[in-house]
Structure formats: C-alpha cells, structure tokens
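Hi everyone, thanks for coming. Have a look at the chain on the screen, and I'll walk you through it piece by piece.

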Amino acid sequence: MHHLIRERQSASDGDVDAEKAFFVADLGNVWLQHMKWKRCLPRVQPFYAIKCNPDPYVLRLLASLGAGFDCASYGEISRVLSIGVEPSRIIFANPCKPVSFIRNASQLGVDMMTFDNVDELHKIARIHPTAQLVLRILTDDSKSVCRLGLKFGATLASVPLLLGTAKSLHLNVIGISFHVGSGCYDADAFMDAIGRAHIAFNIGRDIGYRFELLDIGGGFESRGFEETATIVDRALNEYFPVEEGVHIISEPGRFYVANAFSLATNVIARRPVLSKPGTADSADEDEASIMYYINDGVYGSFNCILFDHQIVHPYALTVNHQFNPGDNCAVANCSVWGPTCDGIDCVNSRVALPSGLKIGDWIGFGDMGAYTICAASQFNGFQESAVHYCSGTGERSRAVRRALKNYLLSK
Ligand code: PLP
C-alpha cells in the first residue's frame, strides 16, 4: 500500500489529473434509499426531483427502478426523455413556467404540470389545453432548512378562485400538490399539509372536479425518515383512504442522493495563522491555527454551503501522504478554504484536523450528493469535480471510505 501511495505522490507532482478533486458516487446507496422508500411509504410513487442532482447514472438507475421524475425546466425534461423515460412519468413541477417551455412540454407529450396562479392557467389554456394540471397549495414550511413558500403555493383562501377559473377555461385539473420546504425534519409539517390538501380536494369537488392525484412534494431527509414516513403514511390513510383510489406521488430529491456521494479534495496549500488582520496579535487558542487550502470550494461543489445552508464536515483521508496514520497523530483547530481568490471561499472556518497535513494530502467530505454538483460554477477557471462510481453494500460511511481509498490506490 505504501509504495502505491508513493507512486501516486510522485505521479502527482505537476500532474493535473492526479491531484484533481473527485466525487465517489455509491449507486448501491441510491438503490438502498429506493428500497427504504418503498418499504416505508408503499402507497407513494417517488418522482425524483432531478434538480437536486441530475447525475446520468442516478437517473438511469432510478428510471430502471420505475421512479418518475420531477422536472423544473425544458432542459430537465429533455434530459429525462433522452434516457428513454415515457413522458407520462414526468411531472413539470414548476408553477411559473416560461411560455416556450409549456409549448415544448406540449409537443413532447409531457402533460402533467403544476400551477398556483391565474396567469399560469391562461398560458396553459392557450398553449397546452389538454394538460393535466396539479394545483400547488401553500403549506407551513417555517421549520424547513430551505423555505419555498415565499415563492410558490396558493393559499387555501385562493383555491376556489383558481379552480373556478380553471373550470371556466375548460382545463383538466387532476389533483393537488404541496412542498413543505427542502430539508424538513418536522413530520407534523407533512401531516398538516396533507390535511390542507384534503380541504383543497373538497373545494375541487364543490367546483365539479374529481381529483385523482395527490403530490406530497419533497423535503424528505434520510435522517429520521422512518419516523416521518410513519406519520405521513398514517395521515394519508386518514385523509385519503386506499379505497378512494387517489394516486399518491412525491418529489423527493436529497433523500435519494445526499448520502450516496462523497468528495475527496487535495490540499493544495497551507499557511499558519500568524496574526489577525490589522493587528500584530497571534491567533487566539480556540481559533483556527492552520489554514488548509483545497481544490474545490464554495464556487464549486461547496456552493451547497451558500445556497443550501449545509455545514460540511472534513476528515483527513491521508496524513503526510499515508492512510491509517495511527492514533497519535496531532490534531489542531484548522480552517479549510477553497481555491479561488475570493475571501468568501471558506469551506469550514474551524474544525479539528490533523496538524500534519502536507501539500498533496487528501481531505474527504461525506453527504455531498444533494445540491452540490448541479450548481457548481467554474469561477476563477477551476473545473467542476468529476464523479467516479461504485456500488457499495450499504454500510455507508465505511463503503464510501473504502471506495475513496480503492480509487486513490488504483490511480
Ligand atoms: N420539488 C420541488 C418543486 C422543489 O422545488 C424541490 C426542491 O427545491 C424538490 C421537489 C426537492 O426537494 P428535496 O430535495 O428537499 O426533496
């Protein structure tokens, strides 16, 4: 093992590819999440929200497992159709769509789409009058990490007007959707939302619709999923009993991919923290004393820190170019920085890491699959980190660590 590392280290001197940051995607983990979903929410057909991570192998895997897809744009619809998914397995779940995208959807046979305002109804009546419409209602997202209700969702008070307008335009509204906000750890939010959807179903019936679809959106987290699912399942059985025959779908994103992707980054520079800016003081004891610079940052994969409120947890994959450095490796408060010239490019401002990391050592990050790669830019000319694939066996962190290690050793 040691000679392989030495080989890699000498190969990496000046070799751009050898030092590039990279993801390892454990597709086995995506499969396990799907199995967990089916076990815990057997009534709910997942339509994977591809915005979260449009990785081609994840899409193909989920397509082969029978999932549907939630698309936000024409680009996402094209991507899903290009892998052979039938248009009927797509919901165009963006309540405010450009006219040209509605036309494209119509031409491609994508009929299911959401709305939450009157103008959208008029656009759809003009361009795609045979669409199958789903009214997105507003629900309580106050406890979610990323709130979506500020932008989307019709209040229950506005539902009669919206459905009345749809009726007068001879539009086919087939059901109700909601999204409790992305990163929702509060199962009661789902329960409350399902209750509101039930009220909207009744309003629809009074207006002359017979809804057949309930879309319970995304927001599901892997942590605590079983408990959330138990409450969701109970609420579904209470408000939408099986014998009523309502088809229930959802739009999970991060649940499927967050913990399937890990990122390995290379230490490209390091500096001691000598003084605070503008003073001659040395750093306080509890402040970071070493600054590590790595080759991916907040303008790249770590955009999740800015856009998705994520906190990332670095760990040393190698110390002084060796795996398994032993227990007596000294640890210090460190800060971890991305590679661009911008001061905002800080990945973690204070974290305990081995103080002996050298240039060329590797720092790993778990849970990097959701809202990372999809929004990465090439600011300052840094390329996005590539993805390598494995299929671990489920013991997530161990499998991913093993995969990272195997990948490093095989190069
Ligand atoms: N559906 C819609 C309409 C969304 O906007 C989002 C996320 O923003 C999702 C689904 C996926 O949410 P999550 O990744 O929290 O499951």
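The chain is divided into domain 1, residues 2-25 plus 258-410, and domain 2, residues 54-252; these bounds come from an automatic or database domain assignment. Keep in mind that this is a predicted model, where local features need pLDDT of at least 70 and side-chain atom pairs count only at pLDDT 80 or more, while totals for chains, interfaces and linings use all residues. Residues are numbered from 1 along each chain as its sequence is written.

How do the domains meet? In domain 1, 8 residues are in contact with 6 residues of domain 2, contact being C-beta atoms, placed from the backbone, within 7 Å. The side of domain 1 that touches domain 2 has 5 nonpolar, 2 polar and 1 charged residues. Here Ala, Val, Leu, Ile, Met, Phe, Trp, Tyr, Cys and Pro count as nonpolar, Asp, Glu, Lys and Arg as charged, and the others, Gly among them, as polar.

Now the whole chain. There are 13 helices and 16 strands, which are DSSP runs numbered from the N terminus (helices H or I, at least four residues; strands E, at least two). Of the 411 residues, 44% are buried. Buried means 20 or more other C-beta atoms within 10 Å of the residue's own, exposed means 12 or fewer, and partly exposed is in between, with C-beta atoms placed from the backbone.

Let's zoom in on helix α5, residues 74-82. Which residues of α5 are buried? They are Glu76, Ile77 and Val80. These residues cover an arc of only 100 degrees around the axis, which puts them on the same side of α5; the arc is that of the directions from the helix axis to the C-beta atoms. As background, an α-helix has 3.6 residues a turn, so residues three or four places apart point the same way. On the other side of α5, Ser78 and Ser82 are exposed. The cover over the buried residues includes α4 (56-64), β3 (68-71), β4 (90-92) and α6 (99-108). After α5 comes glycine 84, with a positive phi near 90 degrees.

Last stop: Cys341. The UniProt annotation "active site", from an unreviewed entry, covers Cys341; UniProt positions are in the numbering used here, feature names are shortened, and annotations may be inferred rather than shown by experiment. Cysteine 341 lies in the loop between β13 (331-337) and β14 (346-354). Is cysteine 341 buried or exposed? It counts as exposed, because it has 8 C-beta neighbours inside 10 Å.

How values were computed: Two residues are in contact if their C-beta atoms, placed from the backbone, lie within 7 Å.
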